[in-house]
Amino acid sequence: MSQGSSIVPVVIVGGGFAGAAMAYHLLQRAPSELPIVLVERGPRVGRGVAFSAEHPLLRLNVPASRMSLDPAKPDDFVTWAGVPSTPNVFLPRARYAAYVQERLQQASRDRPLSVVRGDAIDVRDHAVHLADGRRIEGSAVVLATGLGAPSRPAALVGARVIDAWDEAEVAAIPSAARVLLVGSGLTALDALVLLRSRGHAGEVTMLSRRGLLPRPHLEPWRPASPLPESVLAAAPATLRGLLRWGRTWVREAGVPWQLAVDALRPHLPRFWRSLSPADRVRFVRRVRPFWEVLRHRAPSELLALTDSGLRRLQGRLVRARDGEAAVDVELQLRDGVHRERFDAVVVCTGPALERLDEVQPLVRALVSSGTAVRDPAGLGLETDEGGALLEPSGQPSSWLFGLGAMRRASRWETTSVPEIASHARALAERLLAARGVR
């Protein structure tokens, strides 16, 4: 594919927040003669799965003060949003998407960003290959494809169900309908918000394997104090020991548990790298759900929606069949199998956080061709500290990089805005330094 320039471009695959952040930081620093190409299959850049919500009641899960696109300008989003007097407010996700899009447009005003609409299915030999046969050469390629599509329990395959992120479908649920929400995390709370905002009065049942709800944010929100190195030095390098050490630290920190957990967060990549592959697998399979409800919290007013008029069940979905005007399901609960009928079943299991090689053909192609290495826990592809994909030999690639969810396998904490923005800035500087640009 011709790029309209003799200089081979930097190619970014994925146009969600991670891809937009990467493009923004390159545009801010790169010489004008360096072409930058962004490949995105969807109609909009800068939104992706995380910020595709339109309803104003669907809010960010991070305070505005921590959502700047540029770590060097920490107040940028707060200033743009006009909330300097309340910087820790949780603003609508659609508002944040507008901010990202505006900043990207400003950065590309004097040197247009080339956006290619297409589905990347492979990356090899310094080129991105699209499903329609096009080939885009790149001096460097950054994979920023984001999280996997929302996962659907096997029991629901083929049944008539609604995706929680399809706001129009959720809005169309009749007000008296008996509704089953499959999942109890932040996505389920979003669905509950949408239902209640439209005056839904029917019975709502929330089903999840462990019956866990997100824990509440500290109110008013405030940042945590840094952890002393003397505390970090005592952290064990095994999962069992690390969990015991972490629980003790949170219990004895003398601050609200939210602040204690937040103090640990910047060091999670360090802890993650210290674990053996087997311990990483154990964490993902056994510990992650309990960590996620501490890490991904919700405002108290949102959690208050679960206090009344909501039936919560702990168990799993065994089977679902479409009836004439409803869905018949079998639920495996603690006391046995229950058969129930619901007018609507809403899948609220959230994005796929592992098995990326199963839900993203591009990841599968990279592993199959020997271009990249899948991690044992199934979180994605192995990368080095700077984001370069590791080759089967263990050596980092000189031209192929990952950002956001693509780095989860090697760092764990890589999918929130603060981490992605910081990593995008550092990776932009790395790529340009390789060209002698400082």
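Where is the place of D122? D122 sits in strand β4, residues 120-124. Strands here are DSSP runs of E with at least two residues, helices are runs of H or I with at least four residues, and both are numbered from the N terminus. This is a predicted model, in which local features need pLDDT of at least 70, side-chain atom pairs count only at pLDDT 80 or more, and totals for chains, interfaces and linings use all residues. Residues are numbered from 1 along each chain as its sequence is written, and side-chain values use heavy atoms, with hydrogens and water left out.

Is D122 buried or exposed? Its relative accessibility is 12%, so D122 counts as buried. Buried means under 20% relative accessible area, exposed means over 50%, and partly exposed lies in between (1.4 Å probe, protein chains only). The side chain of D122 makes a polar contact with the side chain of R124 at 2.5 Å. A polar contact is a pair of N or O atoms within 3.5 Å; within protein, one must be able to donate a hydrogen and the other to accept it, and residues adjacent in sequence count only if both atoms are side-chain atoms. Setting aside neighbours within four places in sequence, D122 is in contact (heavy atoms within 4.5 Å) with A127, V128, H129, L362, A365 and L366.

Strand β4 belongs to an open sheet of three strands, in the order β4-β5-β6, with antiparallel pairing. Its edge strands are β4 and β6 (135-137), each of which pairs on one side only. The twist averages 20° from one strand to the next. Axes for such angles are lines fitted to C-alpha atoms, for helices over the stretch in contact, and angles run from 0 to 180 degrees between N-to-C directions. Two strands pair if DSSP finds at least two bridges between them. Strand β5 (residues 127-130) pairs with β6 in the antiparallel sense over three bridges. H129 has R135 as its bridge partner in β6.

The loop between β4 and β5 holds D125. Its phi is near 55°, a positive value in a residue other than glycine. Most residues other than glycine have a negative phi, and most peptide bonds are trans. D125 counts as exposed, because its relative accessibility is 61%. W412 also has a positive phi, near 70°, and is not a glycine. W412 lies in the loop between α14 (408-411) and α15. W412 is buried, with a relative accessible area of 4%. A cis peptide bond joins E219 and P220, with omega about -5°. P220 lies in the loop between β11 (204-208) and α6 (229-232).

Now to β11 itself. Five of its five residues are buried, and the strand is mostly covered. V204, M206 and S208 point one way from β11, T205 and L207 point the other way, and all are buried. In a regular strand the side chains alternate between the two faces of the sheet. Strand β10 (residues 179-182) runs parallel to β11 and is joined to it by four bridges. V179 has V204 as its bridge partner in β11.

A second sheet is open and has six strands, in the order β3-β2-β1-β7-β18-β17, with mixed pairing. β3 (114-117) and β17 (388-390) are its edge strands, each pairing on one side only. The twist averages 35° from one strand to the next. β17 and strand β18 (residues 396-402) pair in the antiparallel sense over two bridges. A388 has F401 as its bridge partner in β18.

Helix α1 (residues 17-29) has 13 residues. It reaches 19 Å from its first C-alpha to its last, close to the 18 Å expected at 1.5 Å a residue. That expected span is 1.5 Å times one less than the number of residues. Of the 13 residues of α1, 11 are buried, so the helix is largely enclosed by the rest of the structure. The buried residues of α1 pack against β1 (10-13), β2 (36-40), α3 (93-107), β7 (140-143) and α15 (417-433).

Finally, the whole chain. Its secondary structure comes to 15 helices and 18 strands. The radius of gyration is 22 Å, close to the 22 Å that the globule rule gives for 438 residues, so the chain is as compact as a globular protein of that length. This radius is taken over C-alpha atoms, and the globule rule is 2.2 Å times the number of residues to the power 0.38. Buried residues make up 53% of the 438 residues.
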